[in-house]
Amino acid sequence: MASVAIYPGSFDPPTNGHLSIINRGLALFDQLIVAIANNPNKRALFSEAERRALLRGAVGAEPRVEIDSFDGLLVDYAKRRHCPVILRGLRAVSDFEYEFQLANMNRKLYPDFETVFMMTGEDYFYISSQLVREVAQFGGDLSGLVPPNVLAALHAKHGAAARSAGA
Ligand code: ADP
């Protein structure tokens, strides 16, 4: 039977850190479901449709990666997909406490639930979507930190915002 894991996240926007986890996840699992969480408590820079397109563009035509999205609880989505294995990345000790709580809460809600953590590559440990959004907003150079299609989308978004602010 094919091994499958869900890699959930906000991906607002996808970064090279996310891609590193996806690529390394493909060495462990036959298939990955990259699942965009629609969190009503977080105001996203990119819409769900934009994040889907950015992820697909960054991952390419790799048939072992499915891009999907979900509302509500991850455990309910995992049950619906009949996939109790979740892949998460760990960047630093600061990620650990939250991830540890999340993994245990999810296991309480869904006893079969298993979280697999991958350490980030040393080139990517300092990259977060939030920092990428902030640096992009002020025109900093993000090449090498996000895939080229994400770089173009950030330029388009902030170029348009700057133009309309100047108008
Ligand atoms: P969330 O809002 O669920 O944290 P993110 O899109 O920020 O969504 O992150 C999704 C997953 O990817 C999380 O497990 C996070 O730890 C991991 N991740 C994010 N950035 C990196 C990175 N630079 N290296 C490794 N893992 C990362």
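This is a predicted model: local features need pLDDT of at least 70, side-chain atom pairs count only at pLDDT 80 or more; totals for chains, interfaces and linings use all residues.
Residues count from 1 along each chain as its sequence is written, and side-chain values use heavy atoms, with hydrogens and water left out. Local features need pLDDT of at least 70 and side-chain atom pairs count only at pLDDT 80 or more, while totals for chains, interfaces and linings use all residues.

View 1. A polar contact is a pair of N or O atoms within 3.5 Å. Phe11 puts a backbone N or O atom 2.9 Å from a ligand oxygen. Taken alone the ligand exposes 550 Å², and the protein buries 90% of that (accessible areas by the Shrake-Rupley method with a 1.4 Å probe).

**View 2. The largest pocket.** This is where the ligand sits, in the sense that more than half of its atoms lie within 2 Å of the pocket's grid points. A pocket is an open set of points on a 1 Å grid over the protein atoms alone, with protein on both sides within 12 Å along at least five of seven lines; lining residues have an atom within 4 Å of a point. The volume is about 1300 Å³, taken as the space filled by probe spheres set on the points, which are joined across faces, edges and corners. Of the 42 lining residues, Gly9, Ser10, Lys42, Arg88 and Tyr98 are the closest to the centre. By class, the lining has 17 nonpolar, 15 polar and ten charged residues. Its largest share, six residues, comes from α4 (helices are DSSP runs of H or I, at least four residues, and strands are runs of E, at least two, numbered from the N terminus).

**View 3. The largest cavity.** Searching the whole structure turns up one cavity of 30 Å³ or more; a cavity is a set of points where a 1.4 Å probe fits but cannot get out. About 40 Å³ of space lies in the largest cavity. Its lining includes Leu74, Ile86, Arg88, Glu99 and Phe113. Helix α4 gives the largest share of that lining, four residues. By class there are six nonpolar, two polar and two charged residues.

**View 4. The loop between β1 and α1.** Both Phe11 and Pro13 are found here. Most residues other than glycine have a negative phi, and most peptide bonds are trans. Phe11, though not a glycine, has a positive phi of about 50°. The peptide bond from Asp12 to Pro13 is cis, with omega near 5°.

Notes. Ala, Val, Leu, Ile, Met, Phe, Trp, Tyr, Cys and Pro count as nonpolar, Asp, Glu, Lys and Arg as charged, and the others, Gly among them, as polar. A polar contact is a pair of N or O atoms within 3.5 Å; within protein, one must be able to donate a hydrogen and the other to accept it, and residues adjacent in sequence count only if both atoms are side-chain atoms.
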